[in-house]
Amino acid sequence: MLMADPAVLRGLIEQYETLKALRAENGGEEVRRRMDDLAYTLCVSTGTRDVDAALIAARHRLPGARPEDDSVLSA
């Protein structure tokens, strides 16, 4: 499997989390579509099928990640 560059993953995570906060406030259709696009890209980039798992996997690939971070990954 191809591995996404950590800088790309960091950008995807930041964009997704920013839009998640905006959606909570505004909930617009454009924000939802962009979040869906980012979720799909994160899943493809990490080889997962769920955005929560993708976010955890992406964070584990960032520089400085510790093995004990996001222990729910194995749950």
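Biologist: In which helix of the protein chain is confidence lowest, and in which is it highest?

Modeller: The score to read is pLDDT, the predictor's confidence in each residue, from 0 to 100. In the protein chain, helix 1 (residues 6-25) has the lowest confidence, at a mean of 89, and helix 3 the highest, at 94. The chain averages a pLDDT of 84, and 83% of the residues score at least 70. Over residues 71-75, pLDDT stays under 50. This is a predicted model, in which local features need pLDDT of at least 70 and side-chain atom pairs count only at pLDDT 80 or more, while totals for chains, interfaces and linings use all residues. Residues are numbered from 1 along each chain as its sequence is written, and side-chain values use heavy atoms, with hydrogens and water left out.

Biologist: How many helices and strands does the protein chain have?

Modeller: Helices (H or I, at least four residues) and strands (E, at least two) are DSSP runs, numbered from the N terminus. The protein chain has three helices and zero strands, in the order α-α-α from the N terminus on.

Biologist: Which residues of helix 3 are buried?

Modeller: Buried means under 20% relative accessible area, exposed over 50%, and partly exposed in between (1.4 Å probe, protein chains only). In helix 3 (residues 51-60), the buried residues are Val-51, Ala-54, Leu-55, Ile-56, Ala-57 and Ala-58. Of the 75 residues of the protein chain, 28% count as buried.

Biologist: Which residues of the largest nonpolar core touch the most other members?

Modeller: A nonpolar core is a set of buried Ala, Val, Leu, Ile, Met, Phe, Trp, Tyr and Cys residues joined through side-chain atoms within 4.5 Å. The largest one has 16 residues, of which Ile-13, Tyr-16, Leu-42 and Leu-55 touch the most other members. Helix 1, helix 2 and helix 3 each give two or more residues to this core, and the largest share, six residues, comes from helix 2. Leaving out residues up to four places away in sequence, Ile-13 touches Leu-42, Leu-55, Ala-58, Arg-59 and Leu-62.

Biologist: What is Ser-45 in contact with, beyond its neighbours within four places in sequence?

Modeller: Contact means heavy atoms within 4.5 Å. Ser-45 belongs to helix 2 (residues 29-46) and is buried, with a relative accessible area of 14%. Beyond those neighbours, Ser-45 is in contact with Leu-2, Ala-4, Leu-9, Leu-12 and Arg-61.

Biologist: How many salt bridges does a search of the whole structure find?

Modeller: Side chains of opposite charge can pair when their charged atoms come close. A salt bridge is a side-chain nitrogen of Lys or Arg within 4 Å of a carboxyl oxygen of Asp or Glu. The search finds four. One of them joins Glu-17 and Arg-59, at 2.2 Å from N to O. Glu-17 lies in helix 1 and Arg-59 in helix 3, so this pair ties together parts that are 42 residues apart in sequence. Glu-17 is partly exposed, at a relative accessible area of 36%, and Arg-59 is partly exposed at 29%.

Biologist: Which residues are linked in a network of salt bridges?

Modeller: The network links Glu-29, Arg-32, Arg-33 and Asp-36. Arg-33 pairs with Glu-29, with the closest N and O atoms 3.8 Å apart, and Asp-36 pairs with Arg-32 at 2.6 Å. Arg-33 and Glu-29 are four residues apart in helix 2, so about one helical turn separates them.
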